[in-house]
Amino acid sequence: MNYKIALIPGDGIGPEVVAETVKVLEKVSQKYGHTFEYTEVLAGGCAIDATGACLPQETIDICKASDAVLLGAVGGWQWDTLPGDQRPERALLGLRKELGLFANLRPALLFDELADACPLKPEIVEGGLDLVVVRELTGGIYFGEKGFKDTDLGPAAYDVEQYAEEEVRRIAVVAFDMAMKRNKKVTSVDKANVLESSRLWRRVVAEVAKDYPEVALDNLYIDNATMQMVRYPKQFDVIVTSNIFGDILSDEASMITGSIGMLPSASLAKGNFGMYEPVHGSAPDIAKQNKANPMATILSGAMMLRYTFGLSEEAEAIEAAVKQILAEGYRTPDIYTDGKKAIGTKEAGDLIAAAI
Ligand code: NAD
Ligand code: IPM
Ligand code: MN
């Protein structure tokens, strides 16, 4: 089969980790006889520099005409002083909205081989850790009304958190469907003791839960949930939450897996279309030094094969290759511990491709 992939390398370490993912996908294509057809497009700071706009219309059109999108990361200090609506990060938000990517899956899996890179005590993560954050991605405070106004205390700025019942219902359905294929537990995270939008969220999630009698539903407030994530993360199976709470909880979950450089994600629309990207950002502090861990992006590539192309055997081959090089002791700087074999971004890509 021939699959069309729009590639958005972006800024900082984005181009480095995307290049290694293409290397791995090319090995998959050779081994399994698929053709991946890549079209590279601009978004983020590099698009601002080249065209003046963070998300050129051509980028949106090419993404829409592709089967899936693979993105590195956007952003960097050069563009940090631009007005909010012109920043590189707006490109990401624009893509999510334009492509209808309302469901963001962020699996946090602690590979046994990385137990020593996890900052929690061994007994807390013994036997592994396997949870998925299902983050609502096109609503909430990221997309609510925003602006500036004068107040009694002087100039102010505001961002409105708002959720429609339908937005909550469709993300809850994704979470419960996922729980049915896993350990049949959903934890919904909100701030229903304070926020009206969270009370609506909790009510709608409970309604959806009625269609899934086999799934246990738990509700936690976000402050408690962030604490539980480090106290006893094994209690979680599927976490469903709002855009901003999911952003925060997934970075926290990533560290338990050893490094944010390990965490992949899938952003899905209705149907099979998806954009695949690591959970981490453009890491300007380590860009262009062959230091970035490409595994989060490579594992995002595996998610693309599984969720959009339906190639589960090929996806598993990539995941097994990552596991194999970790078992062989290879470590990028972010997960390096004494006695292991130090490698850089390119070597990681080469080794993973070779292991497939
Ligand atoms: P970040 O995730 O880029 O970096 C946080 C820390 O983690 C840094 O110390 C970095 O070196 C390290 N890190 C991140 N990815 C790594 C990897 N693959 N391997 C090894 N170490 C890694 O977050 P930040 O510093 O808050 O943000 C930097 C820029 O990225 C900002 O402009 C931000 O807006 C943007 N950002 C973009 C995305 C995205 O495009 N999806 C996501 C988050 C942040
Ligand atoms: C992420 C990022 C983005 C977000 C930013 C860069 C807009 O942090 O994908 O996690 O907050 O969603
Ligand atoms: Mn984030």
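This is a predicted model: local features need pLDDT of at least 70, side-chain atom pairs count only at pLDDT 80 or more; totals for chains, interfaces and linings use all residues.
Residues are numbered from 1 along each chain as its sequence is written, while chains are lettered from A and ligands numbered from 1 in the order in which they are written.

Domain 1 puts 9 residues into the contact and domain 2 puts in 14 residues (in contact means C-beta atoms, placed from the backbone, within 7 Å). On the domain 1 side, α4 (89-98) and β4 (103-110) each give at least two residues, with α4 making the largest share at 3 residues.

By class, that side of domain 1 has 5 nonpolar, 2 polar and 2 charged residues. Here Ala, Val, Leu, Ile, Met, Phe, Trp, Tyr, Cys and Pro are nonpolar, Asp, Glu, Lys and Arg are charged, and the others, Gly among them, are polar.

Strand β3 (residues 68-73) is largely enclosed by the rest of the structure, because 6 of its 6 residues are buried (20 or more other C-beta atoms within 10 Å of a residue's own, with C-beta atoms placed from the backbone). Strands are DSSP runs of E, at least two residues long, and helices are runs of H or I, at least four, numbered from the N terminus.

Strand β1 (residues 2-10) runs parallel to β3, joined by 5 bridges; pairing takes at least two DSSP bridges. β3 also pairs in the parallel sense with strand β12 (residues 274-278), over 3 bridges. V69 in β3 stands opposite A6, and V69 also stands opposite M275 in β12.

Conventions:
A residue is buried if 20 or more other C-beta atoms lie within 10 Å of its own, exposed if 12 or fewer, and partly exposed in between; C-beta atoms are placed from the backbone. Two residues are in contact if their C-beta atoms, placed from the backbone, lie within 7 Å.
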